[in-house]
Amino acid sequence: MSRAGPASAHDLIAIRALLERSGLPTSDLEAAQPEFVVIREGGQVIGAGALQRFGSAALLRSVVVAADRRGSGLGRVIVSELERAARARQISRLFLLTQTAAEFFARCGYRLIERSSAPLDLQGSEEFRALCPDSAACLAKSLSDST
């Protein structure tokens, strides 16, 4: 079974390429400095995801799996590892924006919420303000509700 682990500085080029191939935003990665986890296979990054912390909450972002590996459970592995990392950092709530993966995140226990109900500091992020259109679904999960 594939395992997710912390990304190295060397992984960032591969992560950016994977995000760009999947049509996900990359323009704020340097400024936002989200903490990535990756799944590697044969030395190649085939999946990634990140947390961008805002106090006791975090933005779950940039969850991506290589096109030829989608549907194999790797996305769930990444989300589980990000949730584990968030709990270890005393983050109690995760939020995300998505244009295409709302059903996937709902299966992972995330609930659709009004974008305006996300914490204000999170709403001030580049992801909320500019990178994800208003049509993107906003979902949230309380980590205290899950194991």
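Guide: Before we start, a residue is called buried when its relative accessible area is under 20%, exposed when that area is over 50%, and partly exposed in between, using a 1.4 Å probe and protein chains only. This is a predicted model, in which local features need pLDDT of at least 70 and side-chain atom pairs count only at pLDDT 80 or more, while totals for chains, interfaces and linings use all residues. Residues are numbered from 1 along each chain as its sequence is written, and side-chain values use heavy atoms, with hydrogens and water left out.

Visitor: Okay, which residues of α3 are buried?

Guide: The buried residues of α3 are Leu74, Gly75, Val77, Ile78, Val79, Glu81, Leu82, Glu83, Ala85 and Ala86. Helices here are DSSP runs of H or I with at least four residues, strands are runs of E with at least two, and both are numbered from the N terminus.

Visitor: And what do those buried residues pack against?

Guide: They pack against β2, β3, β4, β5, α4 and β7, where contact means heavy atoms within 4.5 Å.

Visitor: How far does α3 reach from its first C-alpha to its last?

Guide: With its 15 residues, α3 reaches 21 Å, close to the 21 Å expected at 1.5 Å a residue; the expected span is 1.5 Å times one less than the number of residues. Just after α3, Gln90 takes a positive phi of about 60 degrees.

Visitor: Which residues touch the most other members of the largest nonpolar core?

Guide: That core has 38 residues, and Leu51, Leu60, Leu94, Phe105 and Tyr110 touch the most other members. A nonpolar core is a set of buried Ala, Val, Leu, Ile, Met, Phe, Trp, Tyr and Cys residues joined through side-chain atoms within 4.5 Å. The elements that each supply at least two residues of this core include α1 (11-21), β3 (44-54) and α3 (74-88), and α3 gives the most, with 7 residues.

Visitor: What does Leu60 touch?

Guide: Not counting residues up to four places away in sequence, Leu60 touches Ala50, Leu51, Leu82, Leu94, Phe95, Leu96, Phe105 and Tyr110. There is also a second, separate core of 12 residues, which includes Phe54, Ala118, Cys132 and Ala140.

Visitor: New topic: is Arg61 buried or exposed?

Guide: Arg61, whose place is in strand β4, is buried, with a relative accessible area of 1%. Its side chain makes a polar contact with the side chain of Gln52 (2.8 Å); a polar contact is a pair of N or O atoms within 3.5 Å, where, within protein, one must be able to donate a hydrogen and the other to accept it, and residues adjacent in sequence count only if both atoms are side-chain atoms.

Visitor: And Phe128, where does that lie?

Guide: Phe128 lies in helix α6 (residues 126-131), and Phe128 is buried, with a relative accessible area of 6%. Leaving out residues up to four places away in sequence, Phe128 touches Leu59, Leu97, Arg115, Ala118, Leu122, Gln123 and Cys138.

Visitor: Last one, how many helices and strands are in the chain?

Guide: The chain has 6 helices and 7 strands. Its radius of gyration is 14 Å, close to the 15 Å that the globule rule gives for 147 residues, so the chain is as compact as a globular protein of that length; that radius is taken over C-alpha atoms, and the rule is 2.2 Å times the number of residues to the power 0.38. Of the 147 residues, 48% count as buried.
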